[in-house]
Amino acid sequence: MWRRVTSLSPVISTSKPTSLDQAAFGFKIWRSSFSTETPTLVKDGPTSFKERNLFITFVLGGPGSGKGTQCQKIVETFGFKHLSAGELLRREIESNSEQWSQMLNTIKEGRIVPSEVTVKLIQQEMESSDSNKFLIDGFPRTEENRIAFEKFTGLEPNVVLFFDCPEEEMVKRVLNRNEGRVDDNIDTVKKRLKVFEILNLPVIDYYSKRGKLHKINAVGTEDEIFEKVRPIFSTCGMMSPYFTF
Ligand SMILES: Nc1ncnc2c1ncn2[C@@H]1O[C@H](COP(=O)(O)OP(=O)(O)OP(=O)(O)O)[C@@H](O)[C@H]1O
Ligand SMILES: O=c1ccn([C@@H]2O[C@H](COP(=O)(O)O)[C@@H](O)[C@H]2O)c(=O)[nH]1
Ligand SMILES: [Mg+2]
């Protein structure tokens, strides 16, 4: 029986990850083999980030909730630079980077890659882009991700979108996606849903408490959902792709 994830409170109140959860989702495995030396990451981020007056949107939601689809529409309408954390990791795997096999296994298991890796990839993309509006899709996945991003970039999101979708619908969408992703199979999807519930819902709860969260019912056609997204950015005055801060 699939369950809708709208009612966050019961999950959140009991969902603080224990060391057992973290081991179960592979944190310990990575920690033991991943170097903590991250020379390109500087606490508080590059000075240029502060000078650029960036507008950051985090885009959250379970697997298949439609984050990537809606990001495309936001880019077309409001001219953001779209950075999908999952896509950056998949690209890194394809480029045969030093840790590709660990990353691939982690993704196949629906676990979370260490923050140092993901934050570094996102930060590099932000540094090399001349945009000042970023949609960061599928990140932060954990409270640890969130804290690492803040620490290493010195940035916080202006807006956080949460695409709220029933599990049954998410599973259906993922299994129909047909893009050849190694994690688009029923076993991995079940694990990803569990990881989402245990590790990502607390991040969503954090931003809800800080008044930054926009929860969007992600059931309906792609266009219907975008019509709920549009006013969030229109009311920021971000009506055209040429909007600047
Ligand atoms: N509103 C919708 N109704 C039906 N199908 C949709 C809708 N939005 C997206 N889809 C389809 O569902 C699949 C998953 O969408 P998408 O890739 O945008 O999700 P996602 O949240 O980015 O997932 P993931 O976290 O796995 O990357 C895609 O095949 C997409 O075309
Ligand atoms: O911040 C992140 C983002 C993603 N991952 C891993 O990648 C897959 C796929 O991510 P999508 O956002 O669904 O494309 C995800 O299940 C994780 O295994 C990550 O570790 N950290
Ligand atoms: Mg996606």
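Q: Which backbone polar atom is 3.3 Å from an oxygen of ligand 1?
A: One belonging to Ser 65. This is a predicted model, where local features need pLDDT of at least 70 and side-chain atom pairs pLDDT 80 or more, while totals for chains, interfaces and linings use all residues. Numbering starts from 1 along each chain as its sequence is written, chains are lettered from A and ligands numbered from 1 in the order written, and side-chain values use heavy atoms, without hydrogens or water.

Q: OK. What does Gly 64 do at ligand 1?
A: A backbone N or O atom of Gly 64 is 2.9 Å from a ligand 1 oxygen. That is a polar contact (a pair of N or O atoms within 3.5 Å).

Q: And which part of Thr 69 approaches ligand 1, side chain or backbone?
A: The side chain. A polar atom there is 2.5 Å from an oxygen of ligand 1.

Q: How much of ligand 1 gets buried?
A: The protein buries 79% of the 630 Å² that ligand 1 exposes on its own. Areas are Shrake-Rupley values with a 1.4 Å probe.

Q: Which elements give two or more residues to the ligand 1 shell?
A: H5 and H12 do. H5 gives the most, three residues. Helices and strands are DSSP runs, of at least four and at least two residues.

Q: Who else is around ligand 1? Which residues come nearest?
A: Lys 67, Thr 69, Arg 177, Arg 192 and Gly 220, out of 16 around it. Being around a ligand takes a heavy atom within 4 Å.

Q: Switch to ligand 2. Which residues are closest?
A: Arg 90, Arg 111, Val 113, Arg 141 and Arg 192. Ligand 2 has 16 residues around it in total.

Q: How far is the Arg 192 side chain from a ligand 2 oxygen?
A: 2.8 Å, taken from an N or O atom of that side chain.

Q: How much of ligand 2 does the protein cover?
A: 96% of its 450 Å².

Q: Which helix gives the largest share of that shell?
A: H6, residues 85-94, with four residues.

Q: Where does ligand 1 sit?
A: In the largest pocket. Ligand 2 takes space in the largest pocket too. Sitting there means more than half of a molecule's atoms lie within 2 Å of the grid points. A pocket is an open set of points on a 1 Å grid where a 1.4 Å probe fits, with protein on both sides within 12 Å along at least five of seven lines; lining residues have an atom within 4 Å of a point.

Q: What volume does it have?
A: About 980 Å³, the space filled by probe spheres set on the points. It has 43 lining residues, and those closest to its centre are Lys 67, Arg 90, Arg 177, Arg 181 and Arg 192. Among the elements giving two or more residues are helix H10 (167-175), helix H11 (186-209) and strand E2 (81-84).

Q: New topic. Which peptide bond is cis?
A: Phe 139 to Pro 140, with omega near 0°. Pro 140 is in the loop between strand E3 (133-137) and helix H9 (143-153).

Terms used
Polar contact = N/O pair within 3.5 Å; in protein donor to acceptor, adjacent residues only side chain to side chain.
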